Amino acid sequence: ENIDFDPKLKAACKDDIARHCPQIPHGSGQVLECLQTHHGDLTESCHHQLFSIKKSELTDSATDYTLLNTCREMIRQYCHDTEPAKMLHCLKLHKDESLFDDRCHLVVVNRMIEQNLDYRFNPALQAACSKNIAEYCTPIIRNAKQNEELNGKVIDCLKIRFREGKLLPECEKQMTEVLHERALNYKLNPLLQSVCHDEIQVLCSAVSETDTNEDHGAVEECLKQAFIDKKLINRACKVEVAELIQEGKADIYADPLLQRACSVDLLKYCSHIQSGNGRLLKCLEGILQGESKALEDDCKSKLLSRLEMFQNAAAFVPPAENFHQLYDQVVASPSKHYFLIVLCSFIGIIFIIGLLCGRVTHRTMALKNK
């Protein structure tokens, strides 16, 4: 709670405290909070010391003095039966309650932002996705620097497999939650913040600057619309936004604004369908294209907008890295029949050419033998 009680941390961060937090009182964990808000500008020694503390706090809420102290009343109201180590998870579930304390809400959101910097800060995700991480994301972990955040790289690795429908059910569920929260708050997405920094500042400044560290999906929606309107100049930003759009196609719960607009129709027409792999979206599309049932106006409007986005985003999905990814992309493509016809035609042409060449060769050899 007081940085003076940790001489090692205080020594490592002496210059950083003087630079970033000179007027902050040393009690109640305020200096730690201040340093963490400047984590991108800290000296290496201070950053490394903070990493260990952050990892401890985010994986075991019982060690997070600021969270427990600031949210004491909310814990009593919503999480009194929760063990201290899992308090952050409980508070995350209730943070959007109408009577939730603003100061506690801000701390919880800040913790969520920190968690999204590194999968190791998220115990639930780490446990649910351990096998998929080992299978798909090992190179990222192998190349990680000690005591430094991975800046969301493992989560970004997993979301590729999420779009492809290759995650285990428990991992897919956790990733859906992560992507849902990211869609509602762009600050939970380190890569998006990095590659679309200028676009957010220029095109989405009206909705990105809030006092609560949340934008309720406005920034992502702004970027998606800018993508459709061809206002995104930076290709890296275009690709990232295209991938965000594709995530919503994979699971409607990764697109909370569409889910919210279609909540009534999902309950009315698609409640019997399991989420994931685009099944709920296909259900809504079926209703949209049919004549016997009708979608709510808000759902219809949002769905038509998303379908246009899906079509435009497909062109910006990164190319396949190997044969298996190429196969997956072709199978998932709406033009797969066209690709198959072209492939069969190509093989047929090669076969005919080979046959003709064989006959010519055979005839030439026969003439020589004469």
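**Entry 1**

I take helices as DSSP runs of H or I with at least four residues and strands as runs of E with at least two, numbered from the N terminus. I note that the model is predicted, so local features need pLDDT of at least 70 and side-chain atom pairs count only at pLDDT 80 or more, while totals for chains, interfaces and linings use all residues. Residues are numbered from 1 along each chain as its sequence is written, and side-chain values use heavy atoms, with hydrogens and water left out.

**Entry 1. The chain as a whole**

I looked up the secondary structure and found 24 helices and 0 strands in the protein chain. Of its 370 residues, 43% are buried (under 20% relative accessible area; exposed is over 50%, partly exposed in between, with a 1.4 Å probe and protein chains only). I also checked contacts (heavy atoms within 4.5 Å). Among those between residues at least 6 apart in sequence, 60% join residues at least 24 apart. The chain exposes about 20,700 Å², and carbon and sulfur atoms supply 55% of that area (Shrake-Rupley method, 1.4 Å probe; for residues, only the protein chains shown count as cover).

**Entry 2. Two loop residues**

I noted that most residues other than glycine have a negative phi. His-216, which is not a glycine, has a positive phi of about 55 degrees. His-216 sits in the loop between α16 (205-208) and α17 (218-228), and is exposed at 51% relative accessible area. Lys-230 also has a positive phi, near 60 degrees. I placed Lys-230 in the loop between α17 and α18; its relative accessibility of 66% makes it exposed.

The buried ones are Val-31, Leu-32, Glu-33, Cys-34, Leu-35 and Gln-36. Their cover includes α1 (7-12), α2 (14-20), α4 (44-59), α5 and α8.

I then turned to open space, using a 1 Å grid over the protein atoms alone: a pocket is an open set of points with protein on both sides within 12 Å along at least five of seven lines, a cavity is a set where a 1.4 Å probe fits but cannot get out, and lining residues have an atom within 4 Å of a point. Points are joined across faces, edges and corners, and a volume is the space filled by probe spheres set on them.

The second largest pocket holds about 690 Å³ of space. It is lined by 24 residues, of which Glu-33, Thr-37, Leu-106, Asn-110 and Asn-213 are the closest to its centre. The elements giving two or more lining residues are α3 (30-37), α5 (65-70), α8 (102-115) and α14 (190-195). The most come from α8, with 6 residues.

I counted 3 cavities of 30 Å³ or more in the structure. Helices α13 (169-184) and α18 (235-250) each supply at least two of the lining residues, and α13 has the largest share, 3 residues.

Which residues does Gln-174 contact, leaving aside its neighbours within four places in sequence? I found Ala-124, Leu-125 and Ala-128. Gln-174 lies in helix α13 and is buried, at 15% relative accessibility.
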